[in-house]
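Let's take a friendly look inside a protein. Please open the structure and keep it beside you as you read.

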Amino acid sequence: MDLIERPFGTTADGQAVSCWTLTNTWGMTAEVLTYGATLRALCVPAPEGIRDVALGFDSVSAYEAHQDTAMGGVVGRVAGRIGGASFFLDGKAFPLSPSQAPNCLHGGFFGFHRRVWQARPARRGGLELSYVSPAGEEGFPGRVEVRVTYALTEDNALSLFYHAETDAPTVLNLTNHSYFNLAGHAAGDVAEHRVELRADRYLELGDGSMPTGRLPDVAGTPFDLRRPTLLGPGLDSDHPQIRAGRGYDHCFALGAEPRVPCRPAARVEAAGVRMECETTQPGLVLYTANYLEAPDGKGGAHYRPRSGLCLEAQNWPDAIHHGDFPDSVLRPGERYDQETRYRFSIC
């Protein structure tokens, strides 16, 4: 696998950003930025040859201007929302940044997708990015050392391996927030994407898109994606969960126990390209870019609502407030190790 680095500009506060290009022997490429450990482009096998299926931007300033989208970035310390922007851990209260008041969304005002990471070639191939989150950052306890490794396999999969350790009890839930459009990053609506998710239940959302704690059965609802299903009818349905968020923004329960090794979680097909997602995580958030508005996308593309979909493999949102959800606490001496793969082929 080839690995090439090039300058990509600087942040508003003067930090240099690099773009690393990974290439496998079949010509599949991935572009990864040190800004946010962001997947900027992903060129995969397609009937016409190679197709870029990841939404992104052409400058650091565009990523900063649209930081609320977390476009392609690694989200942390905790992906999703933490209710009330606070939590108790071992009897102590920890107030957090209310980045989506009154809740904390995607790690606070300056989550991991807004930080500049250090990058180097990984020992076993691929690109390793690292970031040290100091104790108290955005209100979270403990100093956390995080590493994310991107790699391209010879069966045309993009692999993301997450590793973290802490020096004090904390909460951690990492994911990648890439927006995919299998017809091409600038192709528009994903209504014609056919999606299959291996989940019998999903997390019901209440006020502020917070989990209520209930896990309804998907049967008979737009959330029944257990067989390949066009997204359009579900997106246009009158189901109150869909209408409340203008589309899908829900975590599907893959299972409460750790999923080791990677197991199949989802499959998406559109315009002759198939994407299969495998993960060790217990949840998969399907988000259909319901509020996306970015007229300055790559190559002049105008990204609008439903221009892409996210498959965010992660722990269940707001787990710290739900004792029956999979545990999101990381303690000293423990290792946070998770992996997600996106495999591509022509269909």
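Predicted model: local features only at pLDDT ≥ 70, side-chain atom pairs only at ≥ 80, totals over all residues.

In soluble globular proteins, nonpolar side chains tend to be buried together. Here, the largest nonpolar core has 61 residues, and Leu42, Tyr150, Leu311 and Phe344 have the most contacts inside it. Strand E13 (residues 144-152) gives this core its largest share, five residues.

## A histidine in a loop

Next, look at the loop between helix H1 (60-65) and strand E6 (74-75), where you will find His66. Is His66 buried or exposed? His66 has a relative accessible area of 12%, under the 20% cut-off, so it counts as buried. Leaving aside neighbours within four places in sequence, His66 is in contact with Phe57, Glu293, Ala294 and Asp296.

## The largest pocket

The largest pocket has a volume of about 910 Å³. Of its 40 lining residues, Arg81, Gln100, Leu105, Asp249 and Tyr287 are the closest to its centre. Helix H3 gives the most to this lining, with four residues. By class, the lining has 16 nonpolar, 18 polar and six charged residues.

## The second largest pocket

The second largest pocket has a volume of about 520 Å³. It is lined by 17 residues, and those nearest its centre are Ala122, Arg124, Gly125, Thr149 and Phe161. E13 and strand E14 (157-166) each give two or more residues to this lining, which has five nonpolar, five polar and seven charged residues.

Terms used. Residues numbered from 1 in each chain as written. Heavy atoms only, no water. Core = buried A, V, L, I, M, F, W, Y, C linked by side-chain atoms within 4.5 Å. Buried < 20%, exposed > 50% of the residue type's maximum accessible area, 1.4 Å probe, protein only. Contact = heavy atoms within 4.5 Å. 1 Å grid on protein atoms, 1.4 Å probe; cavity = no way out; pocket = protein on both sides within 12 Å on 5 of 7 lines; lining within 4 Å. Points joined across faces, edges and corners; volume = space filled by probe spheres on them. Nonpolar A, V, L, I, M, F, W, Y, C, P; charged D, E, K, R; others polar.
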